[in-house]
Amino acid sequence: VQVAPRWWLLGDVHWRRSQGFAAPMQTGLQLAPEYRWGRWSAQPGYAYWNTAPYGAFRTPGPQPEHRTWLQLGLQHGLGGWAMDHRLRNEQRFLERYGPSEVGPVPVGKRYVGRLRYRTRVVAPLNGRKGQAGEWQAVVQQEVMLRHGDATMKGLFDQVRPGVLVGYRPVRHLQVTAGYQLQYFERPNGIDVEYDHTLLLGALWRLPRKERTVAPVAPAAVTRR
């Protein structure tokens, strides 16, 4: 939602499942104010994530995470298409586990830094840009590098290529569907993981309410 001429407030809700829809994977809430000038944007942000044990290299238990970030964005044209770039530096605080007689128990948070770069190309599929009935094709790639934790082997974290199709049923709502491949290297520097993900999303942009002011009649001038 736009809250001022150059300021926006952005919120996200994420709900991820594994084994189809049978098992939980991740839930997340994100909130960020964003300042925009020309083609550029900047934002700080905060997120809370909770990751359930899933996959071949699962954590000992649910892993809550508090995450903050600083981000710089750029948008520009690419012929008749649109292209955007996002550079984000994250500060992640993840739950750690230690052994005990009753099994793994939480022992406090661990700090992990992560640098993310995403680039995306959006191609219009019809002539209804920004209007109801618009169709778009999206191709994107994101690369992530980790830092700040000496116990991790190597800087490389993961890559996320993806393709999506977007449709705008009404002017302020856009729905997307697509596929994303996630190639992930575990912190031990040995194990790797491939996740094949189907994406479904909805973006609602609240229209800004402009303040209307009644015109003031000019004061009468009396000549003597």
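Biologist: What should I know before we start?
Modeller: It's a predicted model, so local features need pLDDT of at least 70 and side-chain atom pairs count only at pLDDT 80 or more, while totals for chains, interfaces and linings use all residues. Residues are numbered from 1 along each chain as its sequence is written, and side-chain values use heavy atoms, with hydrogens and water left out.

Biologist: Why is glutamine 2 called buried?
Modeller: Buried means under 20% relative accessible area, exposed over 50%, and partly exposed in between (1.4 Å probe, protein chains only). Glutamine 2 has 18%, so it counts as buried.

Biologist: What makes arginine 67 and glutamate 65 a salt bridge?
Modeller: A salt bridge is a side-chain nitrogen of Lys or Arg within 4 Å of a carboxyl oxygen of Asp or Glu. Here the closest N and O atoms are 2.8 Å apart, so the pair qualifies.

Biologist: How do you know whether arginine 67 and glutamate 65 are buried or exposed?
Modeller: Arginine 67 has a relative accessible area of 5% and glutamate 65 has 2%, so both are buried.

Biologist: What makes aspartate 84 and arginine 118 a salt bridge?
Modeller: Their side chains meet at 3.5 Å, N to O, so they pass that cut-off too. Aspartate 84 is in strand S5 and arginine 118 in strand S6, so the pair ties together parts 34 residues apart in sequence.

Key
Helix = DSSP H or I, 4+ residues; strand = E, 2+ residues; numbered from the N terminus.
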